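Please read this briefing alongside the sequence and the 3D view. It begins with a question and then moves through the topics one by one.

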Amino acid sequence: MSMNHIRSLRRIIITKQVDGLAGWRTFAAGAAKGKKGSKGGAASDAPKASTLSKEVKSTTVVGANILKDGTDPKILPDSEYPDWLWHLLDKRTALSELRRKNIETLPYEDLKRFVKLDNRARIKENNSMKAKN
């Protein structure tokens, strides 16, 4: 029984030494937990509760400020934002779907997209053919 215990301890020690040789990153915060006199405890590692009220969260874009002396921007009504903003996440038609449609009946925006995607696909195909040769 004691021999098995010693063998398992040797394996643990050897793997820890190998880990140290392999250059695995260790964090100082993890090593400082066991030291005497360290301030705080497990409770200080827990995430902090938000101190912002629900009213502030619903009227401002919290965390959007990038300036040192600035404040977070206020959320405006939808009518204050430009129309194109609401169409940014709309699904665009894929190249395969555009190829199935009649080019002469496509709206201008879809035609522009078709030309762009078709050119991109031809460039990729030509590049792959050149790479194979």
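In which helix is Lys116 found? Lys116 lies in helix 6, which covers residues 108–132, where helices are DSSP runs (H or I) of at least four residues and strands are DSSP runs (E) of at least two, numbered from the N terminus. This is a predicted model, in which local features need pLDDT of at least 70 and side-chain atom pairs count only at pLDDT 80 or more, while totals for chains, interfaces and linings use all residues. Residues are numbered from 1 along each chain as its sequence is written, and side-chain values use heavy atoms, with hydrogens and water left out.

**The chain as a whole**
- The protein chain contains six helices and zero strands, and along the sequence it reads α-α-α-α-α-α.
- Of its 133 residues, 7% count as buried, a term that means under 20% relative accessible area, whereas exposed means over 50% and partly exposed lies in between (1.4 Å probe, protein chains only).
- The protein chain exposes about 12,700 Å², of which carbon and sulfur atoms supply 58%; these areas come from the Shrake-Rupley method with a 1.4 Å probe, and for residues only the protein chains shown count as cover.
- Among contacts (heavy atoms within 4.5 Å) with a separation of 6 or more, 5% join residues 24 or more positions apart.

- Side chains of opposite charge can pair when their charged atoms come close.
- A salt bridge is a side-chain nitrogen of Lys or Arg within 4 Å of a carboxyl oxygen of Asp or Glu, and by this rule the count comes to two.
- Asp118 pairs with Arg99, their closest N and O atoms being 2.9 Å apart, and this pair links distant parts of the chain, since Asp118 is in helix 6 and Arg99 is in helix 5 (residues 95–100), 19 residues apart.
- Asp118 also forms a salt bridge with Arg122 at 3.5 Å, N to O, and because these two residues are four apart in helix 6, about one helical turn separates them.
- Asp118 counts as buried at 18% relative accessibility, whereas Arg99 is partly exposed at 47% and Arg122 is partly exposed at 44%.

**A positive surface patch**
- Arg92, Lys112, Lys116, Arg120 and Lys124 form a positive surface patch, and among them Lys116 is partly exposed, with a relative accessible area of 44%.
- Patches are made of residues with over 30% relative accessible area and no salt bridge, with like charges joined within 9 Å and nonpolar side chains (Val, Leu, Ile, Met, Phe, Trp, Tyr) within 5 Å.
- Lys and Arg count as positive and Asp and Glu as negative, while His and the chain ends are not counted.

Notes:
Charge placed at Lys NZ, Arg CZ, Asp CG, Glu CD.
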